[in-house]
Amino acid sequence: MSLQSEDNLIHTFNGITFTTRSSPELLKSLATFEAREDDILLASYPKSGTHWLAEIIMHLYAPSVALTSPIEFGDLSKLDQLDRLSCKRIIPTHLDSNMLPPTFKNKQCKAIYIIRNPKDIAVSMYHYYRENPNLPTIDTWPNFLEMFLKGNVVCGSWFDHILSWEEYTSGKNVLFLFYEDMTKDLSKAVKKVSTFLGVNASENAIHDICKKSSFSEMKSNTEKENNDPNHTVCALTSSRKLIFRKGTVGDWKNYFTPRQSRMFEETFNKKMKCSEVAKHLVYEF
Ligand code: A3P
């Protein structure tokens, strides 16, 4: 791919890198979006397990809700498309909370934010950059890690993303869910989501949801499907096949050198000093 076409893949808005799949016009017009009281935001930094959580939420509500494409994906016509949906909307987003349409907060819409060990996110994102034609070419893992730590990647800095969402939680309407907890005890996590959303799923239903949302089940279902422009909850691709890579905890140990790990830890400690959420993160150095 030539440098010229690579340049056309990304742009910067509010100091954050976006792909051109999120048009500047749409990003600018988000402020005018009218949320509804019963909208639910499914928020995350990329590679945190967003599709996994989306699957769980959709099974909990099935069939009475619409899982939309990410609010930041598309052009100006996006807001009208969302307006036309008459049913309850589950709206995914990788936006920093400062960029959210203010009506989500004003109307106290519920939001679930999925969070994951950032070292595993860095590795997952490294592979995403390598395989996703919508993202610029990157070279080596050490160089990518440096970009990640500086926040010079799509959706900006992981650290700033978490901090912005932590600030957003001043109300009681945000549930932080940890990827690592989901891998340890999925049924407990599903119950937590069900209670938070007021869905009251039965034990049987929860058992069934856990089965349907296992990594192997989701991956094999995806392999049978054709791509569909509305098929991912990540504005960076429409190809679900790019999403299900390993689905494990601790893959970072296969990539980080001890020195890289220390460097990561220093940035983490500096940036997340005042973060309550970071204290709950299962974060092995
Ligand atoms: P890996 O690249 O480490 O495998 P997102 O949905 O936010 O883009 O996150 C993608 C990451 O979540 C990928 O991580 C993917 O494998 C993992 N994932 C997706 N579905 C999963 C599931 N059912 N169980 C565990 N991990 C899952």
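On a 1 Å grid over the protein atoms alone, a pocket is an open set of points where a 1.4 Å probe fits, with protein on both sides within 12 Å along at least five of seven lines, and a molecule sits in a pocket if more than half of its atoms lie within 2 Å of its grid points. By these criteria the ligand sits in the largest pocket.

The model is predicted, with local features needing pLDDT of at least 70 and side-chain atom pairs counting only at pLDDT 80 or more, whereas totals for chains, interfaces and linings use all residues. Residues are numbered from 1 along each chain as its sequence is written, and side-chain values use heavy atoms, leaving out hydrogens and water.

**Ligand surroundings**

| Residue | Backbone atom to ligand oxygen |
|---|---|
| Ser48 | 3.1 Å |
| Gly49 | 3.0 Å |
| Gly247 | 2.7 Å |

Taken alone, the ligand exposes 570 Å², of which the protein buries 99%, with accessible areas from the Shrake-Rupley method and a 1.4 Å probe.

**Salt bridges and backbone geometry**

Side chains of opposite charge can pair when their charged atoms come close. With a salt bridge defined as a side-chain nitrogen of Lys or Arg within 4 Å of a carboxyl oxygen of Asp or Glu, the count comes to twelve. One of them joins the side chains of Asp39 and Arg89, at 2.7 Å from N to O; this pair links distant parts of the chain, 50 residues apart, with Asp39 in the loop between α2 (24-29) and β3 (40-44) and Arg89 in strand β5 (residues 88-93).

Two loop positions have backbone features to note. Ala62 and Pro63 are joined by a cis peptide bond with omega of about 0°, and Pro63 is found in the loop between α3 and β4 (65-67). Gln108, although not a glycine, has a positive phi of about 50°, and Gln108 is placed in the loop between α5 (103-106) and β6 (110-115).

Notes: Polar contact = N/O pair within 3.5 Å; in protein donor to acceptor, adjacent residues only side chain to side chain. 1 Å grid on protein atoms, 1.4 Å probe; cavity = no way out; pocket = protein on both sides within 12 Å on 5 of 7 lines; lining within 4 Å. Helix = DSSP H or I, 4+ residues; strand = E, 2+ residues; numbered from the N terminus.
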